[in-house]
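Let's walk through this structure together, one stop at a time. Please keep the sequence and the 3D view open as you read.

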Amino acid sequence: MKYSWNVVCEVLRLAPPLEGAFPQALTDFTYEGYFIPKGWKLYRSAISTHKNPEYFLDPDKFDPSRFQGKGPAPYTFVAFGGGPGMCPGTEYARIQMLIFMHHVVRRYKWKKLLPGDEKIKVNPFPLPVKGLPIRLHPRTT
Ligand code: HEM
C-alpha cells in the first residue's frame, strides 16, 4: 500500500490537521540570529513548511509522487511533528487510514455530490466549507 500512503501524506501535506503548534523554549537559544529566551512560546507552522517551494516544488500541486523513494528531506514533512515530540499515534493512524481507504476503494464506487473544488476552512481543523457529501455504490465486480 505504498502508493496509498503517498496519497495520504500528500493530503496531510496540503491540509495538515494541526497547522502548527506552540512549543515552549526549554532553554535560551539563538536561531537564525534571533535570540529566544527560555520560557518563550514559539509558533512552528507545519503549513508554511509544507508550502515552502524550497522543499516542495510547485507546492500547491497535489502530487503523491513527492513521497516516492526517499521522499521529502527530513523535517520538511511535519504533519505528525518531528523529533522527540513527534506524534506517538503516527503508526496507528497510518494503519487506520490505509485500512479505511482499502475498504472504501475496493467495496464502493463513489461520487462527489458537489461539483468543483470545495473551499477549505480551518477552524481549527481544515474541513470543506460545505462538508464532503458523497454517494456510495457497492461494487458488484
Ligand atoms: C492523521 C492523524 C494524526 C496527525 C496528523 C497527528 C499529528 C500530531 C502532531 C502534529 C502532534 C504534535 C507533535 C509535536 O508537538 O511535535 C501530535 C501529538 C500527539 N498525538 Fe497525534 N496525530 C494523529 C493521530 C494520532 C493518533 C491516532 C493518536 C493516538 C492514538 C495520537 C496521539 C498523539 C499524542 C498523545 C500526542 C502528544 C504527544 C506529546 O505531547 O508528547 N495522534 N499529533
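D58 is found in the loop between α2 and α3, where helices (H or I, at least four residues) and strands (E, at least two) are DSSP runs, numbered from the N terminus. Its phi is near 50°, a positive value in a residue other than glycine. D58 counts as partly exposed because its relative accessibility is 48%; buried means under 20% relative accessible area, exposed over 50%, and partly exposed in between (1.4 Å probe, protein chains only). E32 also has a phi near 50°, again positive in a residue other than glycine. You will find E32 in the loop between β2 and β3, and at 68% relative accessibility this residue counts as exposed.

A word on what you are looking at: this is a predicted model, in which local features need pLDDT of at least 70 and side-chain atom pairs count only at pLDDT 80 or more, while totals for chains, interfaces and linings use all residues. Residues are numbered from 1 along each chain as its sequence is written, and side-chain values use heavy atoms, with hydrogens and water left out.

Now turn to the ligand. Its iron atom has a single donor from the protein, SG of C87, 2.2 Å away; donors are N, O and S atoms within 2.8 Å of the metal (3.2 Å for Na, K and Ca), and water is not among the atoms, so sites may look incomplete. C87 belongs to the loop between α2 and α3. Around the ligand there are 14 residues, of which R44, A79, F80, G85 and C87 come nearest; a residue counts as near if one of its heavy atoms lies within 4 Å. By class, this shell holds nine nonpolar, four polar and one charged residues (Ala, Val, Leu, Ile, Met, Phe, Trp, Tyr, Cys and Pro count as nonpolar, Asp, Glu, Lys and Arg as charged, and the others, Gly among them, as polar). Helix α3 gives the largest share of the shell, three residues. A polar side-chain atom of R44 is 2.8 Å from an oxygen atom of the ligand.

Next come the aromatic rings. Rings of Phe, Tyr and Trp (its six-membered ring) pair if their centres lie within 6.5 Å; planes under 30 degrees apart count as stacked, over 60 as edge-to-face and the rest as tilted. By this rule there are three aromatic pairs. One of them, F22 with Y43, is tilted, at 5.0 Å centre to centre and 40° between the planes. This pair links distant parts of the chain, 21 residues apart: F22 is in the loop between β1 (20–21) and β2 (29–31), and Y43 in the loop between β3 (34–36) and β4 (44–45). F22 counts as exposed at 58% relative accessibility, and Y43 as partly exposed at 46%. The rings of F67 and F77 have centres 5.0 Å apart and planes at 80°, so this pair is edge-to-face. F67 is buried, with a relative accessible area of 11%.

Finally, visit helix α1 (residues 2–14), the place of E10. E10 counts as buried because its relative accessibility is 0%. Its side chain makes a polar contact with the side chain of R13 at 2.7 Å; such a contact is a pair of N or O atoms within 3.5 Å, and within protein, one must be able to donate a hydrogen and the other to accept it, while residues adjacent in sequence count only if both atoms are side-chain atoms.
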